[in-house]
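The sequence and structure come first.

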Amino acid sequence: MEIHDRVAGEVTIVQLDGNLDTNTAPDAQAHFDGLADGGHTLIVVDFGTLNYISSAGLRVLLATAKKLKGMGGQLRMFGLNDTVHEVFEISGFSTIFSVFATEAEALEGF
Amino acid sequence: MIPEESPFRARWDLLIAILVVVTGLVIPFQVAFVRGVGVWGSILVYGLDLFFLLDIRFNSRTTFREHGLEVRDPKRIARRYRRGMLPWDLLSTVPFDLLLLPWAHLALGGLPVVLLLRLLRLGRVIRLQVILRRWQRSRSTNTGYVRITRLLMVVFLLVHWVACGWFAIAVVEGLSADSWVARAGLADLGIGQQYLRSVYWSFVTTTTVGYGDIVPIGTLETAFAIVVMVVGASMYALIIGSVASLVSSIDSSKTAFWNRVEGVNQYLRGRDLPPDLTEQIQNYYDYIWDRYRGVSAPALLKDLPEPIRLEVLFHLTKELIEKVPLFRHTGPALRNALLMALEPQVHVPGSYVVREGERANGIYFVSRGTLEITAGPQSTSHGTLEPGAYFGDLSLLLGERRTASVRALSYSDVFLLPAREFDRLKSEYEEFKEVLKVISSEKTEKMAELVIEGVIL
């Protein structure tokens, strides 16, 4: 999996490319931790190129969301494919994460 | 019109049943032992007649069931009664003997004709059959008790009749020195003594004990004794058979259940199971009996047509419906589909509902009891699940193996929505996903914590 960061004002947009599973989760966790520790507490995750997310991936996102919240920041996401969207909706995580349809919507109101 | 299953009809039936037995006791006793048309005896008999005349009136207005439907048309009710029981009821109720009262002294073989004519009233026992059938059908009475009542009535009436008949034989023989009454030295004793000895002979003979202290000598006595022996032997068989089947049928569900448990126990006994497992099995059955009276709901429900099954399920799972958030947000159609799809499970303390490493098989809803989430080799606790909680959704949605186990801490009732049913409902009911979304938001915080801890259920 590849991770690309873009900056839009105070917000860091993290694009996840590939699969977020047990193998790639530690890298992703380290990446998010690095951003948070560097003071980037407003993060938007771009799911547009993410194929698959496993429980390990969920764990990374939940832990990051919790951490950012504790620091007064926020984790938002957009571009979820149908499968991921369904998992988020049915499991109820869409209420924790603030899920948006497009990047513009996600960036609005930060 | 009187509904067949009305409380009034039930109470009246009970009264009539008692009066039939009284009739069956009084009339033969008057014929054999009293042998006189006394005032009080007559008042009693005609007083009883009034009740039975009233009964005829009620019977001709009592609804009946045909092809499962209650017939309420008065004409059909009357016609059915006219063609069925009415002739019998009239014959056993109309006091024909009143016509002969002026000739009350007329006797046949020493027995007053008026009294002999009163024997027609014994035909009333037929009404018992109708009443008992009604009792047997009514839901509130245990058929076992109805059968016991019938058995007791048959036995006591029969013994009484045989006793009266046995004494009447002696009377017909003129209570001569050859009659059994004279030989037993009863001729000059009071009615009470005479009746007691007659009943004694009746019991000794019908139960096939046959001490032989009172024996038939004359032709009439011998013939009567033969008939009593034949009847007695049949009655004996009836009693033995009935009592045996009664004992088991009084609580047939209990017997069937514990027989099944005994079967399981016998199977396990020879297989050297660890004692605590055996005890767990025993506890499971105890609980099942305690909570469900041994009736396995799915088996029972399979027989029922779908609408009734839904009604029953709705009532059985009322507790669940009130507690599980899932049902609070579903419409009637989805709720029914869910009820039909859910599989009830019972877990004893210490037993595992799901285990770490298993593949998802569905979503579990807790309806009763407390369950604990444990994970890892040390079985580290990750909190408990109370009634209303559910689990199993995440591993199902993600298609992953569980990373934790759920163990019952107390006796627990859970309902499983199997994976295939979950998929079916999801595709058939658009509403289902929305409902899941709503209810999952109610438990997200706790679930998020669990996921962060690495617990996937």
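This is a predicted model: local features need pLDDT of at least 70, side-chain atom pairs count only at pLDDT 80 or more; totals for chains, interfaces and linings use all residues.

## Sheet order in chain B

Chain B holds an open sheet of 4 strands, in the order S5-S12-S7-S10, with antiparallel pairing. Strand S5 (343-347) and strand S10 (390-391) of chain B are the edge strands; each has a single partner strand, so one side of each has no neighbour in the sheet.

The partner of S5(B) is strand S12 (residues 412-418) of chain B, and the two run antiparallel, joined by 5 bridges. Within this pair, Gln345(B) lies opposite Val414(B) of S12(B).

Helix H19 (residues 419-428) of chain B lies across two strands, S7 (362-368) and S12 of chain B. The angle between H19(B) and S12(B) is about 55°.

## Strand S5 in chain A

Strand S5 (residues 74-78) of chain A is mostly covered, with 4 of its 5 residues buried. S5(A) pairs with strand S3 (residues 42-46) of chain A in the parallel sense, over 5 bridges. Leu42(A) has Gln74(A) in S5(A) as its bridge partner.

S5(A) is also joined to strand S6 (residues 99-100) of chain A, by 2 bridges and again in parallel. Here Phe78(A) has Phe100(A) in S6(A) as its bridge partner.

## Background on pairing

Strands in a sheet pair through backbone hydrogen bonds, in either a parallel or an antiparallel arrangement. The chain B sheet is antiparallel, whereas S5(A) runs parallel to S3(A) and to S6(A).

Notes:
Residues are numbered from 1 along each chain as its sequence is written. Chains are lettered from A and ligands numbered from 1 in the order in which they are written. Two strands pair if DSSP finds at least two bridges between them. Two residues are in contact if their C-beta atoms, placed from the backbone, lie within 7 Å. Axes are lines fitted to C-alpha atoms, for helices over the stretch in contact, and angles run from 0 to 180 degrees between N-to-C directions. A residue is buried if 20 or more other C-beta atoms lie within 10 Å of its own, exposed if 12 or fewer, and partly exposed in between; C-beta atoms are placed from the backbone.
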